[in-house]
Amino acid sequence: MPAVVGRKDNTQLGRLLEGTPDLGLGGDPVDAEALRRFYARRRYMPVWASRSPQAEDLVATVLRAGDHGLDPESFRASLLRRQDELPPLEREVLLTDAFLAYAGALAHGAVPVDRRTSFEALAPGEVDVAAVLDEAIDSPDPVSVIDGLAPSTLNYLALRLGLRGGGLPNPRGGGPRSLRGRAALAAAAQQRQRQRSIAANLERERWLPRRLPPDRVWVNVPDQRLVMFRDDQAVFTTAVVVGDNAERNQTPEFHTSIEASFFNPPWVIPRDIVAAEILPRLEREPDYLARNNMVMRANGEIEQSAGPEAGLGFLLFDMPNRFDVYLHDTPDRFLFSRSNRRMSRGCIRVQNPRELASLLLRQPPEEIDRRIATGRTTRARLPAPVPVFITYHTAFVDPEGTMQFREDFYSRDGTVWERLRKAPAAA
């Protein structure tokens, strides 16, 4: 019986992908699993020799990856520029591997989940980039299909414009040449820093769902601000207090849903905080627990009774997450008058929690006040869970369309930017 054309065991490409455990190009490994998924859809037959125009267009867009804040070398730019020097089979694998890697970076972010910190827990929905590339190559415009994997939000588009349009200031005027030179160097350094910040924030945009829920609560930690959206329109904004700079206290980046509001919540203090902060204080102030309406639990936690001086204030918003980070009220109202509001152990204190509770519960403010006034600890489930996104955007566009920059007080931009760069080859 004659062999069936296109089976992986009787095509040169199929034998290469299945029989070369350490398949690589230019000294770097390829994503063999993604290549197999792609070519299985094509019966393990080469595709680019008969599609030169599509290949050329896709190569050109990969070489412009810098427009997305990406490093073209992460997608084998040097090899792509001299692809014609390669044997046909190697060129075939190079093109497909580069296109799949580029599509994956746009769809999911260029920094793989296993290279992110535990605090970088945002991720979009999964996309089968092998299937997308398979459909794209026979479409009228393959480049548009692949580029369509990137976010299309106003913020992403504006950040891309900011990345391309950042010319260096040219100091003018009479002053000593040495001063002008130092000013130019300082301006150049600031510009490089802002370009890196924009690139890092483009990557963070790629970690978000491509379609944000129209009703959502959005916290931008560097902006120290919360915004609530309904039907994609901002209906409420308020200042927040976020985690301090100590790594263990930094507010993480994640997505969950607010399910309920707690009225008059007690504060259960975790054991690590008890051990680090309260036990040493008890040695100096034996009456500290009694003065603060606290009791020691058998498991080593401490519980503070609800009340006007309780650490969580009168309201806590129940939003289950692995970080045990919540939105809540605070008795320390003076904190909201500060420009630096990095004062918590990771949780987010809300300046106007009653207004937020009214919106989330869809109840009048008077009802919120009445339930607080009872002094009882009660839980009110929201009519429907509301998604909440805790983000870290140091560069973003405000509602007026103006680019805004905020202090990178957790020093996260630099580490994201470094992970976007292709590591130099070992000597």
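This is a predicted model: local features need pLDDT of at least 70, side-chain atom pairs count only at pLDDT 80 or more; totals for chains, interfaces and linings use all residues.
Trainee: Where is T330 found?

Mentor: T330 sits in a loop, with strand 11 (327-328) on one side and strand 12 (342-344) on the other.

Trainee: Buried or exposed?

Mentor: T330 is buried, because its relative accessible area is 3% and the cut-off for buried is under 20%.

Trainee: Which residues does T330 touch, leaving out those up to four places away in sequence?

Mentor: With those left out, T330 touches G311, L312, G313, F336 and R349.

Trainee: Changing topic to strand 3. How many bridges join strand 3 to strand 4?

Mentor: Five, and the two strands run antiparallel; strand 3 covers residues 216-220 and strand 4 covers residues 225-230. Within that pair, V219 is opposite L226.

Trainee: What about the turn in that hairpin?

Mentor: Four residues lie between strand 3 and strand 4, and Q224 has a positive phi near 50°.

Trainee: And strand 4 with strand 5, how many bridges there?

Mentor: Six bridges join strand 4 to strand 5, residues 233-243, again as an antiparallel pair.

Trainee: How many residues are between strand 4 and strand 5, and which one in the turn has a positive phi?

Mentor: Two residues separate them in the hairpin, and D231 is the one in the turn with a positive phi, about 50°.

Conventions
Residues are numbered from 1 along each chain as its sequence is written. Side-chain values use heavy atoms; hydrogens and water are left out. Buried means under 20% relative accessible area, exposed over 50%, partly exposed in between (1.4 Å probe, protein chains only). Contact means heavy atoms within 4.5 Å. Two strands pair if DSSP finds at least two bridges between them.
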